[in-house]
Amino acid sequence: MVLDDLGSSLRGTLDKLQGKSRLSEDDVDEVVKEIQRSLLSADVDVDLVMELSDSIRERALAEEPPAGTTAKDHVLKIVYEEMVDLVGESTELPLEGQTIVLAGLQGSGKTTSAAKMAWWFSKKGLRPAVIQTDTFRPGAYDQAEEMTERAEVDFYGDPDADDPVEIAREGLEATADADVRIVDTSGRSGLNEELVEELERIEAAVEPDRNLLVLDAAIGQSAKEQAEAFGDAVGIDGVVITKLDGTAKGGGALAAVDQTDSSIAFLGTGEEVKDVERFEASGFISRLLGMGDLKQLSERVERAMEETQEEEDWDPEDLMQGEFTLKDMRNQMNAMNRMGPLDQVMDMIPGLGGGLKDQLPDDAMDVTQDRLRNFEVIMDSMTDDELENPRSVGQSQIERIARGSGTDEETVRDLLEQHKMMSRMMKQFQGMGDGDMQRMMQKMQGDGGGGGMGGMGPFGD
Ligand SMILES: Nc1nc2c(ncn2[C@@H]2O[C@H](COP(=O)(O)OP(=O)(O)OP(=O)(O)O)[C@@H](O)[C@H]2O)c(=O)[nH]1
Ligand SMILES: [Mg+2]
């Protein structure tokens, strides 16, 4: 992922400050050099990098760390603030009915982003629809239809029509029931007259609330010129940066957008419909620096819980009452799996992400996933009664289950141990009053406005 390198190299440098209460000039220089190296290799503009490192250096030496703060936290806080500044604010995007036009050059990721954003809005409780107006590229209709099907959102297109404006007009009527209409447009290899004219005509017909420009992260700092050119030609309200999973140059694109009149609305991080996130500077940078991103995490947890609930007909509220059974544990594990790859999830947990992850051997995550899969096959070999009353499972049953599932007794015992541990934890939760629970959830979700660091940041308030 973009700037991954910055996170780990910077953490290495910062770790050397462990235990120090004051920073020397040499300490600061080392941190600044690390940041410069990473940002330059991520294709961030040289002048921007110099500006950023100057202000980090100046602040780190001039500002007095607040009482009780270590030198490491002090400099981390300054780096965090300056980096958030570097990538800028995110595009304003109210969660309400609206029409969005997506524009961009060929292959930048418009069609994919249209489906991803529609999925994102649907998870926010709105009803989205994608309108495909691309008559330029063969196969555009099929692609959009297929992707919106995967996103489980409404779709309008007309494979036989040849006027994008006509399709747009009819699309608006056909999707009148939707809250959020996302209009996908065709691309060209460059911003030529034909494209500008087509976009202007579509805009006149659709009267969108927002024009978003879709940019491939691989273009690096030329994101600045492209955003300016599209801004001048058709006007844009925000940018979607795609393929951040696939390039080391994404840092350049991220920083470049802040140099224009525009801002970033969404990030694309993969080819699947779910590989999208709302851009939010504080959470993004926190995660990068290994400070976690509680907001993204709690959104993922919520989504995973909802999906498990729907599919398994399971109510997590049940956990708050009665015995914690193996069935409950399986549902919880399914919910965990739905949150995505464990290493991504770990990145979002403050203090856990960076630091600890770097110390784990590369295959540690796989082992964990393997363990979960083993648990799954073991539970498939257990009877309903055993799943409901795991404490009654004795040696002869363990032998049978190990044989039946093709695992071994040790793994079966491991599962039973895990269940005991989780069930003890659930007992503690059950002992909490509603107020305690609410306070805990609030803590988990941060303060909302402040983004990823609210309440649980490493610096206190
Ligand atoms: N890895 C990765 N691939 C992406 C991402 N977004 C889009 N892609 C891929 O990039 C290619 C182009 O994406 P499209 O959505 O078709 O791009 P487009 O802007 O609609 O292209 P045109 O319609 O030809 O102008 C496809 O193969 C997508 O799967 C992303 O965030 N990550
Ligand atoms: Mg397309």
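## Terms and basis of the model

A salt bridge is taken here as a side-chain nitrogen of Lys or Arg lying within 4 Å of a carboxyl oxygen of Asp or Glu, and the side chains of D29 and R57 meet in such a bridge, with 3.1 Å from N to O. The structure is a predicted model, in which local features need pLDDT of at least 70 and side-chain atom pairs count only at pLDDT 80 or more, whereas totals for chains, interfaces and linings use all residues. Residues are numbered from 1 along each chain as its sequence is written, chains are lettered from A and ligands numbered from 1 in the order in which they are written, and side-chain values use heavy atoms, with hydrogens and water left out.

## Overall composition

The secondary structure of the chain comes to 20 helices and eight strands, where helices (H or I, at least four residues) and strands (E, at least two) are DSSP runs numbered from the N terminus. Of the 461 residues in the chain, 49% are buried; buried means under 20% relative accessible area, exposed over 50%, and partly exposed in between, with a 1.4 Å probe and protein chains only. Contact means heavy atoms within 4.5 Å, and among the contacts in the chain between residues at least 6 apart in sequence, 73% join residues at least 24 apart.

## The pairing of α2 and α3

Helix α2 (residues 25-41) and helix α3 (residues 46-62) have axes that come within 10 Å and cross at roughly 160 degrees, the axes being lines fitted to C-alpha atoms, for helices over the stretch in contact, with angles that run from 0 to 180 degrees between N-to-C directions. The two helices α2 and α3 are therefore roughly antiparallel to each other, given that angles under 35 degrees count as roughly parallel, over 145 as roughly antiparallel, 65 to 115 as roughly perpendicular and the rest as oblique. The crossing of α2 and α3 is right-handed, that is, the near helix is turned clockwise from the far one by less than a right angle, and a left-handed crossing is the anticlockwise case.

On the α2 side the contact is made by E25, V28, D29, V32, I35, Q36, L39 and L40, which meet V46, V49, M50, L52, S53, I56, R57, A60 and L61 in α3. By class, this contact of α2 with α3 has twelve nonpolar, two polar and three charged residues, where Ala, Val, Leu, Ile, Met, Phe, Trp, Tyr, Cys and Pro count as nonpolar, Asp, Glu, Lys and Arg as charged, and the others, Gly among them, as polar.

## Salt bridges

The structure holds 25 salt bridges. One of them joins K72 to D15, the closest N and O atoms being 3.2 Å apart; K72 lies in helix α4 (residues 71-87) and D15 in helix α1 (residues 4-15), so the pair ties together parts that are 57 residues apart in sequence. K72 counts as buried at 17% relative accessibility, whereas D15, at 41%, counts as partly exposed.

The bridge between D29 and R57 has D29 in helix α2 and R57 in helix α3, so this pair ties together parts that are 28 residues apart in sequence. D29 is partly exposed at 28% relative accessibility, and R57 is partly exposed at 27%. Within helix α19 (residues 409-430), R413 and E409 are four residues apart and thus separated by about one helical turn, and their side chains meet in a salt bridge of 3.2 Å, N to O. R413 has a relative accessible area of 37% and is partly exposed, as is E409 at 29%. Salt bridges that share partners join R59, E63, K77, E81 and E82 into one network.

## Loop residues and positive phi

D43, in the loop between α2 and α3, is buried with a relative accessible area of 17%, and its phi is near 70 degrees, a positive value in a residue other than glycine. K243, in the loop between β6 (238-242) and α10 (250-258), also has a positive phi, of about 60 degrees, although it is not a glycine; K243 counts as partly exposed at 33% relative accessibility. Most residues other than glycine have a negative phi.

Q221 is found in the loop between β5 (210-216) and α9 (223-234) and is partly exposed at 29% relative accessibility. Leaving aside neighbours within four places in sequence, Q221 is in contact with D43, V44, D45, G252, A253 and A256.
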